[in-house]
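Here is the note you asked for on the charged side chains of this model. Please keep the structure open while you read.

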Amino acid sequence: MSEERPTSDAARQDAAGQAAADEYEVRATDADAWATACEEDLAAEKARRRAQHGPPPGSAAEELRKLVDTVADKLSGLQSPLLGAVAGGAAQQMVNQVVQQAKAAVEPVIERNPDVFDHLAAAGNELLAAYRSAVEAQERRWTTRDPAHREHRDEDDGQGPGERIDLD
């Protein structure tokens, strides 16, 4: 018998090592299941929001391109009743030409600098936030004036143009 049998301590260590490896595989599988479940939940939530609110907006450059196309389509389809039937055709042709020139001028700028429009959109949001903050601060000053100022105004005793009315 040339085979050696492991000692009881070695057998215990192998069994413990095998149990730890099995536990690691279970934990790895659980982590994968968790990640998969999270991805599925996220995809379902995105689909629900798309169904409820429509597709998310694209980049600022894409949105500008859509705006230019929409305005161009509206202007091209616009009929001018002010110029009459005779001059209407020439006016319509002139409007179409101007629209095409504007699109030809805007498209290359959008193509070459799409990031610029994202930065401009972010700057616009920052300006809006600053304006909103300034307006809110002014409204707070208007609504919470110094109480001493209010007391002096009430002690005016009707010398102003208005008439005091007792509501009691």
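This is a predicted model: local features need pLDDT of at least 70, side-chain atom pairs count only at pLDDT 80 or more; totals for chains, interfaces and linings use all residues.

1. Residues are numbered from 1 along each chain as its sequence is written, and side-chain values use heavy atoms, with hydrogens and water left out.

2. A salt bridge here is a side-chain nitrogen of Lys or Arg within 4 Å of a carboxyl oxygen of Asp or Glu, and by this rule the count comes to six.

3. One of them joins glutamate 45 to arginine 48, with 2.5 Å from N to O. Both residues lie in helix H1 (residues 8–53), three residues apart, which is about one turn of the helix; helices are DSSP runs of H or I, at least four residues long, numbered from the N terminus. Glutamate 45, at 29% relative accessibility, counts as partly exposed, a term for values between buried (under 20% relative accessible area) and exposed (over 50%), using a 1.4 Å probe and protein chains only.

4. In helix H2 (residues 60–76), lysine 66 and glutamate 63 are likewise three residues apart, and the closest N and O atoms of their salt bridge are 3.5 Å apart. Lysine 66 is partly exposed at 49%.

5. The side chains of glutamate 107 and arginine 65 meet at 3.3 Å, N to O. This pair links distant parts of the chain, since glutamate 107 is in helix H3 (residues 84–112) and arginine 65 in helix H2, 42 residues apart.

Note on methods: Helices (H or I, at least four residues) and strands (E, at least two) are DSSP runs, numbered from the N terminus.
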